[in-house]
Amino acid sequence: MASGLGLARNRIVIAGGGIAGLSLALALKQALGAGFEIVLADPSLSLAPRADSRAYAVAAAAQNMLEALGIWPKVAATAQPMTEMVVTDSRSPDLVRPVFLTFDGEVEPGQPFAHMVENAALLSALLDACGAAGVVLRPEGVRRFESRDDEVELRFADGERLQAALLVAADGARSKLREQAGIGWVGWAYRQTGLVATLGHERPHHGRAVEHFLPSGPFAILPLSDGGKLGHRSSIVWTEGAENVPALLSLDAADLLAEIERRFGLELGEIALESAISAHPLGFGVARRFVGERLALLGDAAHVIHPIAGQGLNLGLKDVAALAEAIVDAARLGLDPGSAEALEGYERARRFDTVAMGAVTDGLNRLFSNDVTPVRLARDLGLGLVDRLPGLKRFFIREAAGLAGATPRLLRGEAL
(Lines give C-alpha, C1' and ligand atoms only; values in the text may rest on other atoms or scores of the structure.)
Protein backbone atom coordinates (compact mmCIF):
# COMPACT_ATOMS: atom_id res chain seq x y z
CA MET A 1 0.00 0.00 0.00
CA ALA A 2 1.27 3.45 -0.81
CA SER A 3 2.19 5.46 2.26
CA GLY A 4 3.05 8.82 0.77
CA LEU A 5 2.38 12.00 2.65
CA GLY A 6 0.17 13.36 -0.12
CA LEU A 7 -2.56 10.90 0.73
CA ALA A 8 -2.53 11.46 4.48
CA ARG A 9 -5.27 14.08 4.51
CA ASN A 10 -7.59 11.76 2.61
CA ARG A 11 -6.87 8.63 4.64
CA ILE A 12 -8.58 7.46 7.83
CA VAL A 13 -7.43 4.39 9.74
CA ILE A 14 -9.70 2.42 12.06
CA ALA A 15 -7.95 0.06 14.47
CA GLY A 16 -10.39 -2.68 15.46
CA GLY A 17 -12.57 -4.99 13.40
CA GLY A 18 -15.58 -5.44 15.68
CA ILE A 19 -19.10 -4.35 14.83
CA ALA A 20 -18.43 -0.67 15.66
CA GLY A 21 -15.19 -0.47 13.67
CA LEU A 22 -16.65 -2.23 10.62
CA SER A 23 -19.80 -0.08 10.72
CA LEU A 24 -17.77 3.13 10.80
CA ALA A 25 -15.51 1.96 7.96
CA LEU A 26 -18.53 1.13 5.80
CA ALA A 27 -20.34 4.39 6.59
CA LEU A 28 -17.27 6.49 5.75
CA LYS A 29 -16.45 4.65 2.55
CA GLN A 30 -20.03 4.83 1.28
CA ALA A 31 -20.25 8.55 2.03
CA LEU A 32 -16.78 9.69 0.92
CA GLY A 33 -16.22 7.35 -2.03
CA ALA A 34 -13.01 6.98 -4.00
CA GLY A 35 -11.65 10.33 -2.82
CA PHE A 36 -10.87 8.87 0.61
CA GLU A 37 -8.96 5.76 1.59
CA ILE A 38 -10.55 4.02 4.57
CA VAL A 39 -8.27 1.46 6.21
CA LEU A 40 -9.49 -1.04 8.80
CA ALA A 41 -6.71 -2.88 10.67
CA ASP A 42 -7.20 -5.87 12.97
CA PRO A 43 -5.14 -9.06 13.41
CA SER A 44 -8.37 -11.08 13.62
CA LEU A 45 -9.00 -10.43 9.92
CA SER A 46 -6.46 -13.17 9.15
CA LEU A 47 -8.27 -15.75 11.30
CA ALA A 48 -11.19 -18.00 10.48
CA PRO A 49 -14.41 -16.85 12.20
CA ARG A 50 -14.97 -18.52 15.57
CA ALA A 51 -18.23 -19.97 16.83
CA ASP A 52 -19.96 -17.27 18.83
CA SER A 53 -23.04 -17.59 21.04
CA ARG A 54 -23.53 -13.85 21.56
CA ALA A 55 -26.59 -12.05 20.26
CA TYR A 56 -27.56 -8.40 20.56
CA ALA A 57 -30.74 -6.44 21.04
CA VAL A 58 -30.42 -4.07 18.08
CA ALA A 59 -32.57 -1.03 18.91
CA ALA A 60 -34.84 0.61 16.34
CA ALA A 61 -32.43 3.52 15.80
CA ALA A 62 -29.52 1.14 15.21
CA GLN A 63 -31.72 -0.83 12.80
CA ASN A 64 -32.36 2.45 10.92
CA MET A 65 -28.60 2.89 10.54
CA LEU A 66 -28.07 -0.67 9.34
CA GLU A 67 -30.87 -0.09 6.80
CA ALA A 68 -29.14 3.06 5.54
CA LEU A 69 -25.85 1.14 5.18
CA GLY A 70 -27.53 -1.69 3.27
CA ILE A 71 -26.74 -4.24 6.00
CA TRP A 72 -30.20 -4.86 7.43
CA PRO A 73 -31.52 -6.80 4.39
CA LYS A 74 -28.60 -9.22 4.85
CA VAL A 75 -29.55 -10.09 8.45
CA ALA A 76 -33.32 -9.41 8.50
CA ALA A 77 -34.31 -13.00 7.68
CA THR A 78 -32.82 -14.30 10.93
CA ALA A 79 -33.47 -11.21 13.09
CA GLN A 80 -36.12 -11.83 15.75
CA PRO A 81 -38.45 -8.92 16.63
CA MET A 82 -39.09 -8.29 20.33
CA THR A 83 -42.86 -8.08 20.66
CA GLU A 84 -42.99 -7.76 24.45
CA MET A 85 -40.69 -7.16 27.43
CA VAL A 86 -41.58 -8.62 30.83
CA VAL A 87 -39.85 -7.80 34.13
CA THR A 88 -40.09 -10.03 37.22
CA ASP A 89 -38.45 -9.77 40.64
CA SER A 90 -38.00 -12.94 42.68
CA ARG A 91 -35.59 -15.37 44.31
CA SER A 92 -34.31 -18.41 42.41
CA PRO A 93 -36.31 -21.02 44.40
CA ASP A 94 -39.61 -19.10 44.12
CA LEU A 95 -42.23 -21.19 42.33
CA VAL A 96 -44.22 -18.09 41.36
CA ARG A 97 -42.51 -15.13 39.71
CA PRO A 98 -44.92 -12.20 39.76
CA VAL A 99 -44.73 -9.85 36.77
CA PHE A 100 -44.27 -6.26 37.90
CA LEU A 101 -43.75 -4.51 34.58
CA THR A 102 -44.55 -5.21 30.93
CA PHE A 103 -43.69 -3.23 27.82
CA ASP A 104 -45.37 -3.52 24.43
CA GLY A 105 -42.56 -4.18 21.97
CA GLU A 106 -43.56 -1.51 19.40
CA VAL A 107 -42.09 1.97 19.45
CA GLU A 108 -44.39 2.87 16.55
CA PRO A 109 -47.17 0.77 14.96
CA GLY A 110 -45.43 -2.05 13.10
CA GLN A 111 -41.94 -1.08 14.33
CA PRO A 112 -40.50 -3.19 17.19
CA PHE A 113 -38.31 -1.27 19.60
CA ALA A 114 -35.59 -3.91 19.08
CA HIS A 115 -34.63 -7.06 17.18
CA MET A 116 -32.36 -9.82 18.41
CA VAL A 117 -29.50 -10.30 15.93
CA GLU A 118 -26.76 -12.89 16.29
CA ASN A 119 -23.21 -11.59 16.44
CA ALA A 120 -21.75 -13.92 13.81
CA ALA A 121 -24.35 -12.98 11.19
CA LEU A 122 -23.91 -9.23 11.74
CA LEU A 123 -20.10 -9.39 11.68
CA SER A 124 -20.11 -11.47 8.50
CA ALA A 125 -22.50 -9.09 6.71
CA LEU A 126 -20.44 -6.03 7.69
CA LEU A 127 -17.14 -7.61 6.70
CA ASP A 128 -18.46 -8.63 3.28
CA ALA A 129 -19.94 -5.17 2.70
CA CYS A 130 -16.70 -3.43 3.68
CA GLY A 131 -14.74 -5.56 1.23
CA ALA A 132 -17.23 -4.90 -1.56
CA ALA A 133 -17.26 -1.15 -0.89
CA GLY A 134 -13.48 -0.85 -1.19
CA VAL A 135 -12.44 -0.54 2.45
CA VAL A 136 -8.79 -1.57 2.77
CA LEU A 137 -8.75 -4.54 5.18
CA ARG A 138 -5.36 -5.07 6.85
CA PRO A 139 -4.81 -8.18 9.02
CA GLU A 140 -2.29 -6.40 11.25
CA GLY A 141 -2.73 -4.38 14.40
CA VAL A 142 -1.65 -0.77 14.87
CA ARG A 143 1.31 -1.05 17.21
CA ARG A 144 2.08 2.62 17.85
CA PHE A 145 1.17 6.08 16.59
CA GLU A 146 2.57 9.59 16.70
CA SER A 147 0.28 12.60 16.30
CA ARG A 148 1.53 15.74 14.60
CA ASP A 149 -0.05 19.05 13.63
CA ASP A 150 -1.08 17.92 10.17
CA GLU A 151 -1.15 14.10 10.33
CA VAL A 152 -0.85 11.01 12.48
CA GLU A 153 1.84 8.45 11.67
CA LEU A 154 1.03 4.83 12.47
CA ARG A 155 3.30 1.85 12.84
CA PHE A 156 1.75 -1.52 12.14
CA ALA A 157 2.71 -4.81 13.75
CA ASP A 158 4.65 -5.78 10.59
CA GLY A 159 6.77 -2.62 10.90
CA GLU A 160 5.19 -0.62 8.04
CA ARG A 161 4.54 3.07 8.64
CA LEU A 162 1.50 4.90 7.30
CA GLN A 163 0.30 8.48 7.54
CA ALA A 164 -3.35 9.46 7.96
CA ALA A 165 -5.54 12.40 8.89
CA LEU A 166 -7.20 10.48 11.73
CA LEU A 167 -6.80 7.30 13.74
CA VAL A 168 -9.95 5.78 15.26
CA ALA A 169 -9.29 3.47 18.21
CA ALA A 170 -11.95 0.75 18.20
CA ASP A 171 -9.68 -1.77 19.89
CA GLY A 172 -11.84 -2.66 22.87
CA ALA A 173 -12.13 -1.91 26.57
CA ARG A 174 -8.42 -2.54 27.21
CA SER A 175 -7.46 -0.24 24.35
CA LYS A 176 -3.69 0.04 23.97
CA LEU A 177 -4.12 3.08 21.73
CA ARG A 178 -6.17 4.91 24.37
CA GLU A 179 -3.48 4.12 26.90
CA GLN A 180 -0.73 5.29 24.56
CA ALA A 181 -2.57 8.59 24.05
CA GLY A 182 -2.58 9.14 27.82
CA ILE A 183 -6.38 9.29 28.02
CA GLY A 184 -7.54 8.34 31.49
CA TRP A 185 -10.18 5.74 32.34
CA VAL A 186 -12.67 5.93 35.20
CA GLY A 187 -14.28 2.64 36.10
CA TRP A 188 -14.62 -0.38 38.33
CA ALA A 189 -15.19 -4.09 38.11
CA TYR A 190 -18.44 -5.60 39.33
CA ARG A 191 -18.21 -8.74 41.41
CA GLN A 192 -20.29 -10.36 38.70
CA THR A 193 -19.74 -12.39 35.54
CA GLY A 194 -22.06 -12.51 32.54
CA LEU A 195 -22.70 -16.03 31.27
CA VAL A 196 -24.00 -16.15 27.69
CA ALA A 197 -25.44 -19.12 25.81
CA THR A 198 -28.05 -20.12 23.25
CA LEU A 199 -30.81 -22.41 24.49
CA GLY A 200 -33.27 -24.53 22.55
CA HIS A 201 -36.81 -24.99 23.89
CA GLU A 202 -39.90 -26.88 22.76
CA ARG A 203 -42.51 -24.10 22.97
CA PRO A 204 -42.47 -20.82 21.02
CA HIS A 205 -41.46 -17.61 22.78
CA HIS A 206 -43.72 -15.41 20.58
CA GLY A 207 -41.04 -12.72 20.57
CA ARG A 208 -41.27 -12.14 24.33
CA ALA A 209 -38.14 -11.07 26.20
CA VAL A 210 -38.03 -11.71 29.94
CA GLU A 211 -35.78 -10.13 32.56
CA HIS A 212 -35.83 -12.02 35.87
CA PHE A 213 -34.24 -9.91 38.59
CA LEU A 214 -32.58 -12.36 40.98
CA PRO A 215 -30.41 -11.59 44.04
CA SER A 216 -27.15 -12.42 42.20
CA GLY A 217 -28.12 -10.28 39.20
CA PRO A 218 -30.50 -10.26 36.23
CA PHE A 219 -31.24 -13.39 34.21
CA ALA A 220 -32.39 -12.32 30.75
CA ILE A 221 -34.18 -14.56 28.24
CA LEU A 222 -34.00 -13.01 24.81
CA PRO A 223 -35.89 -14.45 21.81
CA LEU A 224 -34.01 -15.71 18.77
CA SER A 225 -35.29 -16.88 15.42
CA ASP A 226 -36.63 -20.43 15.28
CA GLY A 227 -34.28 -23.35 14.75
CA GLY A 228 -32.22 -25.85 16.67
CA LYS A 229 -32.99 -29.35 17.88
CA LEU A 230 -36.17 -28.40 19.75
CA GLY A 231 -37.51 -26.00 17.12
CA HIS A 232 -37.23 -22.74 19.07
CA ARG A 233 -34.29 -20.78 20.49
CA SER A 234 -33.49 -18.05 22.98
CA SER A 235 -30.31 -16.35 24.11
CA ILE A 236 -29.66 -16.15 27.83
CA VAL A 237 -27.55 -13.52 29.57
CA TRP A 238 -27.07 -14.85 33.10
CA THR A 239 -25.47 -12.46 35.59
CA GLU A 240 -23.92 -14.40 38.46
CA GLY A 241 -21.64 -13.60 41.37
CA ALA A 242 -18.08 -13.98 40.13
CA GLU A 243 -17.20 -16.24 43.06
CA ASN A 244 -19.81 -18.81 41.95
CA VAL A 245 -18.83 -19.01 38.29
CA PRO A 246 -15.86 -21.47 38.45
CA ALA A 247 -18.03 -24.04 40.28
CA LEU A 248 -20.90 -23.56 37.83
CA LEU A 249 -18.68 -23.98 34.79
CA SER A 250 -17.14 -27.14 36.25
CA LEU A 251 -20.53 -28.90 36.42
CA ASP A 252 -21.30 -31.67 33.99
CA ALA A 253 -23.79 -30.91 31.22
CA ALA A 254 -26.86 -32.32 33.02
CA ASP A 255 -26.20 -30.45 36.29
CA LEU A 256 -25.43 -27.21 34.46
CA LEU A 257 -28.67 -27.48 32.51
CA ALA A 258 -30.53 -28.07 35.79
CA GLU A 259 -29.04 -24.83 37.20
CA ILE A 260 -30.15 -22.97 34.09
CA GLU A 261 -33.64 -24.47 34.29
CA ARG A 262 -34.03 -23.22 37.89
CA ARG A 263 -33.64 -19.69 36.56
CA PHE A 264 -35.15 -20.16 33.09
CA GLY A 265 -38.38 -21.71 34.36
CA LEU A 266 -40.69 -24.25 32.74
CA GLU A 267 -42.94 -21.98 30.69
CA LEU A 268 -41.22 -22.87 27.39
CA GLY A 269 -41.08 -26.59 28.11
CA GLU A 270 -38.02 -28.77 27.72
CA ILE A 271 -34.75 -26.89 27.24
CA ALA A 272 -31.36 -27.85 25.83
CA LEU A 273 -28.04 -26.11 25.40
CA GLU A 274 -27.44 -25.17 21.75
CA SER A 275 -24.00 -23.64 22.40
CA ALA A 276 -21.21 -23.62 24.92
CA ILE A 277 -21.49 -21.07 27.73
CA SER A 278 -19.10 -18.14 27.46
CA ALA A 279 -18.12 -16.12 30.53
CA HIS A 280 -17.52 -12.35 30.49
CA PRO A 281 -16.34 -10.40 33.57
CA LEU A 282 -18.56 -7.34 34.01
CA GLY A 283 -17.55 -3.79 34.77
CA PHE A 284 -18.22 -0.12 34.19
CA GLY A 285 -15.80 2.30 32.61
CA VAL A 286 -15.70 5.52 30.62
CA ALA A 287 -12.78 7.38 29.07
CA ARG A 288 -12.07 10.84 30.46
CA ARG A 289 -12.01 12.12 26.88
CA PHE A 290 -13.37 10.58 23.69
CA VAL A 291 -10.89 12.38 21.43
CA GLY A 292 -7.20 13.18 21.47
CA GLU A 293 -4.82 14.75 18.96
CA ARG A 294 -5.90 13.17 15.65
CA LEU A 295 -7.45 10.32 17.61
CA ALA A 296 -11.07 9.35 18.31
CA LEU A 297 -12.21 6.57 20.63
CA LEU A 298 -15.08 4.37 19.48
CA GLY A 299 -17.27 1.75 21.16
CA ASP A 300 -15.76 -0.22 24.04
CA ALA A 301 -12.53 1.79 23.79
CA ALA A 302 -14.59 4.77 24.98
CA HIS A 303 -17.06 3.12 27.36
CA VAL A 304 -18.19 -0.16 28.93
CA ILE A 305 -21.49 -0.55 30.78
CA HIS A 306 -23.42 -3.31 32.57
CA PRO A 307 -25.54 -5.44 30.20
CA ILE A 308 -28.63 -5.07 32.42
CA ALA A 309 -30.39 -2.86 29.84
CA GLY A 310 -28.91 -4.47 26.72
CA GLN A 311 -27.54 -1.13 25.50
CA GLY A 312 -23.81 -1.82 25.07
CA LEU A 313 -23.84 -2.41 21.30
CA ASN A 314 -26.38 0.37 20.73
CA LEU A 315 -24.13 2.87 22.51
CA GLY A 316 -21.30 1.85 20.19
CA LEU A 317 -23.47 2.26 17.10
CA LYS A 318 -24.53 5.70 18.32
CA ASP A 319 -20.81 6.53 18.45
CA VAL A 320 -20.49 5.35 14.86
CA ALA A 321 -23.37 7.53 13.66
CA ALA A 322 -22.09 10.65 15.44
CA LEU A 323 -18.43 10.22 14.43
CA ALA A 324 -19.24 9.38 10.81
CA GLU A 325 -21.42 12.49 10.55
CA ALA A 326 -18.69 14.71 12.05
CA ILE A 327 -16.00 13.34 9.70
CA VAL A 328 -18.14 13.42 6.55
CA ASP A 329 -19.45 16.93 7.19
CA ALA A 330 -15.91 18.23 7.70
CA ALA A 331 -14.56 16.47 4.60
CA ARG A 332 -17.34 17.80 2.37
CA LEU A 333 -16.60 21.33 3.52
CA GLY A 334 -12.96 20.85 2.54
CA LEU A 335 -11.86 20.84 6.19
CA ASP A 336 -9.36 18.55 7.85
CA PRO A 337 -11.40 15.55 9.17
CA GLY A 338 -8.82 14.80 11.86
CA SER A 339 -8.67 18.29 13.32
CA ALA A 340 -9.86 19.18 16.80
CA GLU A 341 -12.57 21.37 15.28
CA ALA A 342 -13.95 18.43 13.27
CA LEU A 343 -13.96 16.10 16.29
CA GLU A 344 -15.30 18.39 19.00
CA GLY A 345 -18.92 17.80 17.93
CA TYR A 346 -18.44 14.04 18.33
CA GLU A 347 -17.08 14.46 21.85
CA ARG A 348 -19.91 16.81 22.78
CA ALA A 349 -22.60 14.56 21.30
CA ARG A 350 -21.50 11.30 22.82
CA ARG A 351 -19.90 11.85 26.20
CA PHE A 352 -22.98 13.09 28.10
CA ASP A 353 -25.23 10.38 26.67
CA THR A 354 -22.70 7.68 27.52
CA VAL A 355 -22.15 8.84 31.10
CA ALA A 356 -25.92 9.11 31.62
CA MET A 357 -26.56 5.58 30.32
CA GLY A 358 -23.68 4.23 32.38
CA ALA A 359 -25.10 5.82 35.53
CA VAL A 360 -28.55 4.36 34.81
CA THR A 361 -27.27 0.82 34.27
CA ASP A 362 -24.98 1.01 37.29
CA GLY A 363 -27.86 2.21 39.47
CA LEU A 364 -30.23 -0.49 38.18
CA ASN A 365 -27.66 -3.19 38.85
CA ARG A 366 -27.06 -2.00 42.40
CA LEU A 367 -30.79 -1.64 43.04
CA PHE A 368 -31.80 -5.07 41.77
CA SER A 369 -28.77 -7.28 42.47
CA ASN A 370 -29.48 -7.72 46.17
CA ASP A 371 -31.90 -9.47 48.51
CA VAL A 372 -32.54 -6.74 51.09
CA THR A 373 -36.25 -6.96 51.90
CA PRO A 374 -37.02 -3.21 52.28
CA VAL A 375 -35.19 -2.50 49.01
CA ARG A 376 -37.08 -5.29 47.23
CA LEU A 377 -40.41 -3.94 48.45
CA ALA A 378 -39.57 -0.39 47.36
CA ARG A 379 -38.34 -1.38 43.89
CA ASP A 380 -41.34 -3.65 43.28
CA LEU A 381 -43.64 -0.79 44.25
CA GLY A 382 -41.80 1.45 41.80
CA LEU A 383 -42.08 -1.10 38.99
CA GLY A 384 -45.79 -1.44 39.65
CA LEU A 385 -46.28 2.32 39.48
CA VAL A 386 -44.43 2.55 36.16
CA ASP A 387 -46.60 -0.27 34.80
CA ARG A 388 -49.69 1.86 35.49
CA LEU A 389 -48.39 4.96 33.70
CA PRO A 390 -48.67 4.50 29.90
CA GLY A 391 -47.00 7.83 29.11
CA LEU A 392 -43.94 6.97 31.18
CA LYS A 393 -43.76 3.52 29.60
CA ARG A 394 -43.82 5.07 26.11
CA PHE A 395 -40.96 7.37 27.17
CA PHE A 396 -38.87 4.41 28.34
CA ILE A 397 -39.58 2.50 25.12
CA ARG A 398 -38.43 5.42 22.95
CA GLU A 399 -35.30 5.76 25.09
CA ALA A 400 -34.57 2.04 24.73
CA ALA A 401 -35.19 2.30 20.98
CA GLY A 402 -32.64 5.13 20.71
CA LEU A 403 -35.18 7.50 19.16
CA ALA A 404 -35.50 10.07 21.95
CA GLY A 405 -33.97 13.52 21.52
CA ALA A 406 -31.70 14.71 18.73
CA THR A 407 -30.20 11.86 16.73
CA PRO A 408 -27.56 11.76 13.97
CA ARG A 409 -28.78 11.25 10.42
CA LEU A 410 -27.80 7.59 10.18
CA LEU A 411 -29.89 6.74 13.27
CA ARG A 412 -32.88 8.30 11.48
CA GLY A 413 -32.22 6.01 8.51
CA GLU A 414 -30.84 8.84 6.34
CA ALA A 415 -27.74 8.35 4.21
CA LEU A 416 -24.79 10.64 4.89
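In helix 2, the buried residues are Ala60, Ala61, Ala62, Gln63, Asn64, Met65 and Leu66; buried means under 20% relative accessible area, exposed means over 50%, and partly exposed lies in between, with a 1.4 Å probe and protein chains only. This is a predicted model, in which local features need pLDDT of at least 70 and side-chain atom pairs count only at pLDDT 80 or more, while totals for chains, interfaces and linings use all residues. Residues are numbered from 1 along each chain as its sequence is written, and side-chain values use heavy atoms, with hydrogens and water left out.

- Helix 2 covers residues 60-68 and is mostly covered, with seven of its nine residues buried.
- Helices (H or I, at least four residues) and strands (E, at least two) are DSSP runs, numbered from the N terminus.

**The largest cavity**

- Rolling a probe the size of a water molecule over the atoms shows where empty space is left.
- A cavity is a set of points, on a 1 Å grid over the protein atoms alone, where a 1.4 Å probe fits but cannot get out; lining residues have an atom within 4 Å of a point.
- Grid points are joined across faces, edges and corners, and a volume is the space filled by probe spheres set on the points.
- The count comes to one cavity of 30 Å³ or more, and the largest cavity holds about 40 Å³ of space.
- Among the residues that line the largest cavity are Ala61, Ala62, Asn314, Leu317 and Gly402.
- Helix 2 and helix 8 (312-332) each supply at least two residues of this lining, and the largest share, three residues, comes from helix 8.

- An open sheet of six strands has the order 10-2-1-14-22-21, with mixed pairing; two strands pair if DSSP finds at least two bridges between them.
- Strand 10 and strand 21 (291-292) stand at the edges with a single partner strand each, so one side of each has no neighbour in the sheet.
- Strand 1 (residues 11-15) and strand 2 run parallel and are joined by five bridges, and Ala15 has Ala41 in strand 2 as its bridge partner.
- From strand 1 the chain crosses through helix 1 (residues 19-32) to strand 2 in a right-handed β-α-β crossover; right-handed means that, with the strands pointing away from the viewer, the path from the first strand over the helix to the second runs clockwise.
- Strand 2 (residues 37-41) is largely enclosed by the rest of the structure, because four of its five residues are buried.
- Three bridges pair strand 2 with strand 10 (residues 136-138) in the parallel sense, and Leu40 stands opposite Leu137 in strand 10.
- Strand 1 also pairs in the parallel sense with strand 14 (residues 166-169), over four bridges, where Ile12 has Leu166 as its bridge partner.

**Two individual residues**

- Thr198 lies in strand 15 (residues 185-201) and counts as buried because its relative accessibility is 6%.
- Leaving aside neighbours within four places in sequence, Thr198 is in contact (heavy atoms within 4.5 Å) with residues including Ser53, Leu224, Arg233 and Glu274.
- Arg351 is found in helix 9 (residues 340-368) and counts as partly exposed at 25% relative accessibility.
- The C-alpha atoms of Arg351 and Phe290 are separated by 7.1 Å, although these residues are 61 residues apart along the chain.

Terms used: On a 1 Å grid over the protein atoms alone, a cavity is a set of points where a 1.4 Å probe fits but cannot get out, and a pocket is an open set with protein on both sides within 12 Å along at least five of seven lines; lining residues have an atom within 4 Å of a point.
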